[in-house]
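Please open the structure in a viewer and keep the selection tool at hand.

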Amino acid sequence: MMAAGLLLTVSIISLTIHPILSFCPLAASVSIPKHDDSLHNDVDQLLREKLQRIASEYESHVDKLKKTLEMEIELSEKTENCLLRNTMEGRPEFLLSEKLRRKREVMKECLDANNLVVQRLLSGSIDGGKTSQTKPYKLFETIEYMDDDYSLLMGNGGVTDQQKKETEGYDTALQVITHTARDWAHGSSPCRDLTNAWITRAIVDNCSGMGKIRILVPGSGLCRLAYDISTSSDIVEAGAEAFVEANDSSVTMAFAARSVLDMVQKQAVSRIYPFVSDPQRNEIHSSKRFDVDVFPDEEALAAYRDYYLSRGKSPDLAYTVGDFSSVYKSQSKRALYNVVATAFFIDTATNIYEYIFIMKHLLKDKYSIWVNCGPVQWHPCAMLRPTVDELRDILIASGFELITWEIAPETLAYRHPDDYGAVHARYTREEGYRSLRFVARLSQGRTDDAADDLHLRIEYIEYLNEVANGKIKV
């Protein structure tokens with residue numbers, strides 16, 4: 001069942017429109033629960049309110065940081081008057097209070113700029129296509145109704161949860177800033193080269209000459225991996241044509257991704273301050289907190305231009321929003337994909353067996369592959385936390401053949417190269433990870449085990465998870 005388009009309007013900080021791209025918008029779709037058409041306006045309003053809440057929460061975050069800095073200025077000044085009144089007279093540049101005053105003005109500029117980014121990435125008019133005007137850069141042109149439960153609407157946190165998921169978890173404005181900087185900013189390009197580029201090369205190596213291939217990217221976040229795959233010239237030159245479907249559980253990430261992709265189409269860029277909201281600890285140089293970056297990076301802009309000029313059309317990229325297990329365990333998804341590509345995803349599983357058997361359910365045939373690159377840093381929701389060698393055996397036992405299996409030799413920074421191993425380090429404590437990289441395929445092609453009734457088996461596993469964590473008493 002299809003409904004009218006979901007239209008959004010986004011303001012761009014700086015804008016240069018490439019003339020040949022003006023009438024070639026990307027197309028994307030959003031999956032939301034089935035419901036009575038009379039309730040459509042209510043759903044639209046819920047979405048609108050959710051995005052407004054999250055954007056407003058960032059304003060509260062900004063106010064809190066500013067108040068904290070004012071407290072530090074006052075406390076340091078009074079302390080210095082007590083202890084350094086005679087020794088530092090005439091040398092204010094050495095006083096912390098003076099340094100904090102200078103920092104106050106810079107911090108205000110940076111926070112205000114990031115607030116503008118948040119407001120613009122999450123703004124929009126959600127009218128279900130009821131307006132008569134046609135937007136030349138709309139992305140969510142269709143809405144596909146899938147799940148029946150409003151609690152699953154747009155996944156993470158739903159659209160009515162005003163508690164921790166919208167203020168402390170993945171579904172927050174701070175995460176939008178972090179993911180925008182990591183996935184789309186120029187300075188984080190070296191980190192992406194060792195993750196997204198590795199996945200793209202694996203697809204080229206294993207799907208050469210396959211013609212049209214359907215690729216799913218679960219946990220897509222701000223959509224950079226899906227975008228890189230969909231615009232990859234290497235995949236085209238290898239004789240394959242990629243139809244890419246991104247998936248994420250967060251409506252916040254989906255709308256932010258839509259806005260960034262809109263900027264890519266318009267060849268527009270914006271400044272962002274990736275580090276200004278970092279915790280105030282372990283810092284080496286106070287000025288590095290205010291480093292500025294630009295997004296989208298030139299590589300992303302060029303990829304779109306080159307793809308359109310060579311192919312005469314926009315990339316085939318869709319975005320489905322919903323809980324991965326809930327959406328993809330369905331029979332309609334069985335044997336649908338030639339490739340499933342995961343990055344920073346498998347360690348989000350509550351029960352890793354769910355993900356593995358859904359991957360098996362999704363792959364089309366013995367030539368289809370599951371490509372993974374990312375850490376195995378199990379999230380707090382995980383009920384099972386196998387080690388890498390244990391995970392390898394689980395995959396083999398579940399019917400996968402491992403074409404490639406390795407721990408990356410290099411340690412990577414998660415967000416920016418300065419976060420780990422940099423010559424001019426940002427922090428006294430560094431954080432990095434070594435990726436688990438693998439390519440797997442069905443060892444015996446498609447089989448019928450756990451096929452027709454997979455959704456029932458997954459529902460039973462989810463029941464077992466609830467029993468194990470004490471939410472259900474037996």
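## First stop: two residues with positive phi

Begin by selecting Asn-282, which is partly exposed, with a relative accessible area of 31%. The residue sits in the loop between strand 6 (270–272) and strand 7. Its backbone deserves a look: Asn-282 has a positive phi of about 65°, although it is not a glycine. Most residues other than glycine have a negative phi, and most peptide bonds are trans.

Next, select Cys-223. Is this residue buried or exposed? Cys-223 is buried, with a relative accessible area of 1%. Like the previous stop, it is not a glycine, yet Cys-223 has a positive phi, here of about 80°.

## The whole chain and its confidence

Select residues 1–33, where the pLDDT is below 50. Beyond near neighbours in sequence, this stretch has 146 contacts in the model. Then select residues 125–162, over which the pLDDT is also below 50; beyond near neighbours in sequence, that stretch has 149 contacts in the model. Where pLDDT is low, the predicted coordinates should not be read in detail.

With the cartoon displayed, the secondary structure comes to 14 helices and 14 strands. Of the 474 residues of the chain, 51% count as buried. Among contacts with a separation of 6 or more, 84% are between residues 24 or more positions apart.

## A cis bond and a salt bridge

Move to Phe-295 and Pro-296, which are joined by a cis peptide bond with an omega of about -15°. Pro-296 belongs to the loop between strand 7 and helix 10.

Arg-192 lies in helix 5 and Asp-297 in the loop between strand 7 (293–295) and helix 10, so the pair ties together parts that are 105 residues apart in sequence. Both Arg-192 and Asp-297 are buried.

## The second largest pocket

Which residues lie closest to the centre of the second largest pocket? The pocket itself has a volume of about 480 Å³. Of the 22 residues that line it, the closest to its centre are Asp-228, Thr-231, Ser-232, Ser-233 and Glu-299; select these five to find the place.

To see the surroundings, show the elements that give two or more residues to the lining: helix 5 (189–193), helix 6 (196–207), helix 7 (224–230), helix 8 (233–237) and helix 10 (298–311). Helix 10 gives the most, with 7 residues. Colouring the lining by class shows 6 nonpolar, 6 polar and 10 charged residues.

## Further salt bridges

Side chains of opposite charge can pair when their charged atoms come close. In this model the count comes to 33 salt bridges. Select Arg-457 and Asp-453, whose side chains meet in one of them, at 3.2 Å from N to O. Arg-457 counts as partly exposed, at 43% relative accessibility, and Asp-453 also counts as partly exposed, at 30%.

Another pair to display is Glu-105 and Arg-104, with a salt bridge of 3.7 Å from N to O. Arg-104 counts as partly exposed, at 26% relative accessibility. Then show Glu-77, Glu-98, Arg-101 and Arg-102 together, as they are linked in a network of salt bridges.

## Last stop: helix 12

Finally, select helix 12 (residues 352–362). Why does helix 12 count as largely enclosed by the rest of the structure? The reason is that 9 of its 11 residues are buried. The buried residues of helix 12 are Ile-352, Glu-354, Tyr-355, Ile-356, Ile-358, Met-359, Lys-360, His-361 and Leu-362.

Conventions
Residues are numbered from 1 along each chain as its sequence is written. This is a predicted model: local features need pLDDT of at least 70, side-chain atom pairs count only at pLDDT 80 or more; totals for chains, interfaces and linings use all residues. Side-chain values use heavy atoms; hydrogens and water are left out. On a 1 Å grid over the protein atoms alone, a cavity is a set of points where a 1.4 Å probe fits but cannot get out, and a pocket is an open set with protein on both sides within 12 Å along at least five of seven lines; lining residues have an atom within 4 Å of a point. Grid points are joined across faces, edges and corners, and a volume is the space filled by probe spheres set on the points. Helices (H or I, at least four residues) and strands (E, at least two) are DSSP runs, numbered from the N terminus. Ala, Val, Leu, Ile, Met, Phe, Trp, Tyr, Cys and Pro count as nonpolar, Asp, Glu, Lys and Arg as charged, and the others, Gly among them, as polar. pLDDT is the predictor's confidence in each residue, from 0 to 100. Contact means heavy atoms within 4.5 Å. A salt bridge is a side-chain nitrogen of Lys or Arg within 4 Å of a carboxyl oxygen of Asp or Glu. Buried means under 20% relative accessible area, exposed over 50%, partly exposed in between (1.4 Å probe, protein chains only).
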